[in-house]
Amino acid sequence: MYIKRNISWGIILRYAWKNLLFFTLWATGVFSVYFFLDWRHIDIPFQPLSVIGIAVAFYIGFKNSQSYDRFWEGRKIWGGIVNYSRTWANGVLSLVEDDQETKRVLIYRHIAWINALRIQLRQPTSFSIKENRAVEKLFDRHNERNPVCQDISNFVGGPELEDLQHRKNVATHLVKNQGLHLKELLAEGKISEFDKQILHHSLEEFYNLQGKCERIKNTPFPRQYAYFSTLFTWIFVLLLPFGLLNVFQDELNEAKVTTHGWFLFLMIFFSVLISWIFTTMEKIGSNSEDPFEGRINDVPMTALCRTIEIDLRDMLDEKELPEKVKAKDHILY
């Protein structure tokens, strides 16, 4: 999640430089053919083009609204994970009989679960968005797509960690292990049946929250909206220079300007500017479709996991607590 108030031009250019270069070359080519080769027939009336532009703007607006809903739902889910994590730790500390090691194991296993879930959600899918190399290099430098068990080895170990190495969904099995551990505690008389039901309610909620995350992760944004939004935007920006030729030429004819070549040259600037605005609006929606990829606009799961870890270990009265996650290039992961 980008946390600086104003997005730096360095980040903007990482995303936009290829499009800006293409738009400049395209508009310059259209202008050159029209002005230097005297192909005056290639201009088109701007009125139908403006109708296309309005339709595209509405379509992009709908896509961006739905994409933002996916991001905001993801953030609300992780807000629930934060809240129920504290509830789980409070329940463990309050209900389990005086056995500090057992309390530590149950809370540490939960910290392992949130980190396992985070890493599983960060794994790329077949429909994950692909950016240009300049952007991908930035995320390669920041990102974390390690094997799940590598990042949870500080919280679980021994035979349990070895068993998890062979599991397809590590997060699911960690919650299962919590339930089995509660069963053992009940048999040992360290918790009552009522205590077990209270703690099991939290485990049920963890499965619900995990399932909601997986639903967003494994369900791509409807391709009919995503694909045609991109297609319509590019149709508009490719036709734009031809329509602007007509607009600028009409203005020249009315004003009877003699230096019409240089005045018409402004068409290139406005064509690039309008094209960049439309493609940027479209790109914003695309970058919000999948909120768990670990990119610039995504849910900062690493920072949230660290916040939970600090809170829960503090509840255990541990003294050496980790530092909060800091933003990298103003991006909080």
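**Figure 1. Lining of the second largest pocket.** Twelve residues line the second largest pocket, and N115, R118, D151, R306 and E309 are the ones nearest its centre. The model shown here and in the other figures is predicted. The space in the second largest pocket comes to about 210 Å³. At least two lining residues come from each of helix 3 (100-122), helix 5 (148-152) and helix 11 (301-315). Helix 11 contributes the most, with four residues. Sorted by class, the lining of this pocket comprises five charged, four polar and three nonpolar residues.

**Figure 2. Overall fold.** The protein has eleven helices and zero strands. Along the sequence the pattern reads α-α-α-α-α-α-α-α-α-α-α. Of the 333 residues in the protein, 45% are buried.

**Figure 3. Lining of the largest cavity.** The structure contains one cavity of 30 Å³ or more. The largest cavity holds about 40 Å³ of space. Its lining consists of I129, S286, N287, S288, E289, D290, E293, R295 and D298. Five of these lining residues are charged, three are polar and one is nonpolar.

**Figure 4. Aromatic pair Y68 and F71 in helix 2.** The whole structure has 15 aromatic pairs. In one of them, the rings of Y68 and F71 lie 5.9 Å apart, centre to centre, with 45° between their planes, and the pair is tilted. Both residues belong to helix 2 (residues 46-95), where they are three residues apart, about one turn of the helix. Y68 has a relative accessibility of 47% and therefore counts as partly exposed. F71, with a relative accessible area of 12%, is buried, because buried means under 20%.

Figure 5. The angle decides the class, because planes over 60 degrees apart count as edge-to-face. F270 is partly exposed, at 34% relative accessibility. I268 is part of helix 10 (residues 260-286). At 7% relative accessibility, I268 is buried. The C-alpha atoms of I268 and L245 lie 9.3 Å apart in space, although the two residues are separated by 23 residues in sequence.

**Figure 6. Aromatic cluster.** F22, F23, W26, W234 and F242 are joined into a cluster by ring pairs.

**Figure 7. Charge over a ring at R104 and Y108.** R104 places its charged end over the ring of Y108, at 4.8 Å from the ring centre.

**Figure 8. Cysteines C213 and C305.** C213 has 0% relative accessibility and so counts as buried. C305 is also buried, at 1% relative accessibility. A disulfide is a covalent bond between the sulfur atoms of two cysteines. The structure has zero disulfides.

**Figure 9. Q150 in helix 5.** Q150 is located in helix 5, one of the helices that supply at least two residues of the lining of the second largest pocket. The relative accessible area of Q150 is 49%, so Q150 is partly exposed. Q150 and L161 are eleven residues apart along the chain, and their C-alpha atoms are separated by 9.7 Å.

**Figure 10. Backbone at D317.** D317 is found in the segment after helix 11. Its phi is near 65°, a positive value in a residue other than glycine. Most residues other than glycine have a negative phi. D317 has a relative accessible area of 59% and is therefore exposed.

Note on methods
Residues are numbered from 1 along each chain as its sequence is written. This is a predicted model: local features need pLDDT of at least 70, side-chain atom pairs count only at pLDDT 80 or more; totals for chains, interfaces and linings use all residues. Side-chain values use heavy atoms; hydrogens and water are left out. A disulfide is a pair of cysteine sulfur atoms within 2.5 Å. Buried means under 20% relative accessible area, exposed over 50%, partly exposed in between (1.4 Å probe, protein chains only). Rings of Phe, Tyr and Trp (its six-membered ring) pair if their centres lie within 6.5 Å; planes under 30 degrees apart count as stacked, over 60 as edge-to-face and the rest as tilted. A charge sits over a ring if NZ of Lys or CZ of Arg is within 6 Å of the ring centre and within 35 degrees of the ring normal. On a 1 Å grid over the protein atoms alone, a cavity is a set of points where a 1.4 Å probe fits but cannot get out, and a pocket is an open set with protein on both sides within 12 Å along at least five of seven lines; lining residues have an atom within 4 Å of a point. Grid points are joined across faces, edges and corners, and a volume is the space filled by probe spheres set on the points. Ala, Val, Leu, Ile, Met, Phe, Trp, Tyr, Cys and Pro count as nonpolar, Asp, Glu, Lys and Arg as charged, and the others, Gly among them, as polar.
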